[in-house]
Amino acid sequence: MNRTLVVVPTYNEAENLPGLIGSLRRFAADADVLVVDDASPDGTGAVADALAAADDAVHVLHRTAKEGLGVAYRAGFAWGLARPEYQWFVEMDADGSHRPAELRRLRNAAFAADLVIGSRWVKGGRVIDWPASRRLISRAGTAYARIMLRLPVRDATAGFRVLSRRALEQVSLDSIASHGYCFQIDVTRRVCDAGLPVVEVPVTFVERRLGASKMTLGIVAEALWRVTLWGLQRRVGLG
């Protein structure tokens, strides 16, 4: 009754998925994996089905369209919350940027926190093969969110995380409208507002080797306007 579910959203990650699942089964053999595929045209869904057919710990949730990271995570969390055996939920990208070998440290930290963030921007954290422009966008985005929302974390946009069942049940998942990476900021602020403990664990983020990044100007713009709106609402007592 205290199992862990690793939720992996995918869109055109057929090249990366087998390696990720293999590493997860090696470094987190006691955890289950749920691949949430948004009807990838490159056949990622079929690859996921083949992996699931060969391993009872791997599951696949097929969605009918690409609607964004936040919507995929909401669907994956809902799938897991409907199964009482799962008490811990892991967020991981499918592109290899989050290293399964580091997951044990995050899971260990989760015994004392409801949200554990694998942080690039705390002491000991680092990023490999990112251009200066990506570093600037990530650091500036987190700094802006920290200031506007008074968040006590250094990496609010990080996508390598562990959340408790209690946290997911308290953040009102159905009311989260964020579609892109802003989803991470949204969940962070809700967990903090609920008064639940949050910790950051340093990790190494590795830029993808295969496939194309999903980051777009639209995703950045969504994060900017939503964080600004939440910050203004907080200042006038509405959020």
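Modeller: Axes here are lines fitted to C-alpha atoms, for helices over the stretch in contact, and angles run from 0 to 180 degrees between N-to-C directions. The helices (H or I, at least four residues) and strands (E, at least two) are DSSP runs, numbered from the N terminus. What you see is a predicted model, in which local features need pLDDT of at least 70 and side-chain atom pairs count only at pLDDT 80 or more, while totals for chains, interfaces and linings use all residues. Residues are numbered from 1 along each chain as its sequence is written, and side-chain values use heavy atoms, with hydrogens and water left out.

Colleague: Why are H1 and H2 called roughly parallel to each other?

Modeller: The axes of helix H1 (residues 17-27) and helix H2 (residues 44-54) come within 10 Å and cross at roughly 30°. Angles under 35 degrees count as roughly parallel, over 145 as roughly antiparallel, 65 to 115 as roughly perpendicular and the rest as oblique, and H1 and H2 are therefore roughly parallel.

Colleague: Which residues of H1 and H2 make the contact?

Modeller: Contact means heavy atoms within 4.5 Å, and on that basis Leu-17, Pro-18 and Ile-21 of H1 face Thr-44, Val-47, Ala-48 and Leu-51 of H2. With Ala, Val, Leu, Ile, Met, Phe, Trp, Tyr, Cys and Pro counted as nonpolar, Asp, Glu, Lys and Arg as charged, and the others, Gly among them, as polar, the contact of H1 with H2 has six nonpolar, one polar and no charged residues.

Colleague: How do you know that H5 and H8 are roughly parallel or antiparallel?

Modeller: Helix H5 (residues 132-149) and helix H8 (residues 217-235) have axes that come within 8 Å and cross at roughly 20°, so the cut-off already given makes H5 and H8 roughly parallel to each other. Where they meet, Tyr-144, Ala-145, Ile-147, Met-148 and Leu-149 in H5 touch H8 residues including Leu-224, Val-227, Trp-230 and Arg-235. The residues of this contact between H5 and H8 divide into nine nonpolar, two polar and two charged.

Colleague: And what about H7 and H8, why are they called roughly parallel?

Modeller: Helix H7 (residues 182-193) and H8 pack at an angle of about 25°, with their axes 9 Å apart, and H7 and H8 are therefore roughly parallel as well. The contact is made by Cys-182, Ile-185, Asp-186, Arg-189 and Asp-193 of H7 with H8 residues, among them Glu-222, Arg-226 and Trp-230. By class, the contact of H7 with H8 has five nonpolar, no polar and six charged residues.

Colleague: What makes Tyr-73 and Phe-77 an aromatic pair, and is it stacked or edge-to-face?

Modeller: Rings of Phe, Tyr and Trp (its six-membered ring) pair if their centres lie within 6.5 Å, and planes under 30 degrees apart count as stacked, over 60 as edge-to-face and the rest as tilted. By this rule the count comes to five aromatic pairs. Tyr-73 and Phe-77 form one that is stacked, at 5.5 Å centre to centre and 20° between the planes. Both residues lie in helix H3 (residues 69-81), four residues apart, about one turn of the helix, and ring pairs link Tyr-73, Phe-77, Phe-89 and Phe-183 into a cluster.

Colleague: Is Tyr-73 buried or exposed?

Modeller: Buried means under 20% relative accessible area, exposed over 50%, and partly exposed in between (1.4 Å probe, protein chains only). Tyr-73 has a relative accessible area of 0% and is therefore buried, and Phe-77, at 0%, counts as buried too.

Colleague: Why does Arg-107 count as buried?

Modeller: Arg-107, in helix H4 (residues 103-109), has 19% relative accessibility, so it counts as buried. Leaving aside its neighbours within four places in sequence, Arg-107 is in contact with Thr-4, Ala-28, Asp-30, Ala-31 and Val-162.

Colleague: Is Arg-3 buried or partly exposed?

Modeller: Arg-3, in strand S1 (residues 3-10), is at 33% relative accessibility and so counts as partly exposed.

Colleague: What makes the phi of Ala-39 worth a remark?

Modeller: Most residues other than glycine have a negative phi. Ala-39 is not a glycine, yet it has a positive phi of about 55°, and it lies in the loop between strand S2 (32-37) and H2. With a relative accessible area of 39%, Ala-39 is partly exposed. Asp-129, also not a glycine, has a positive phi of about 70°, and its place is in the loop between strand S6 (126-128) and H5.
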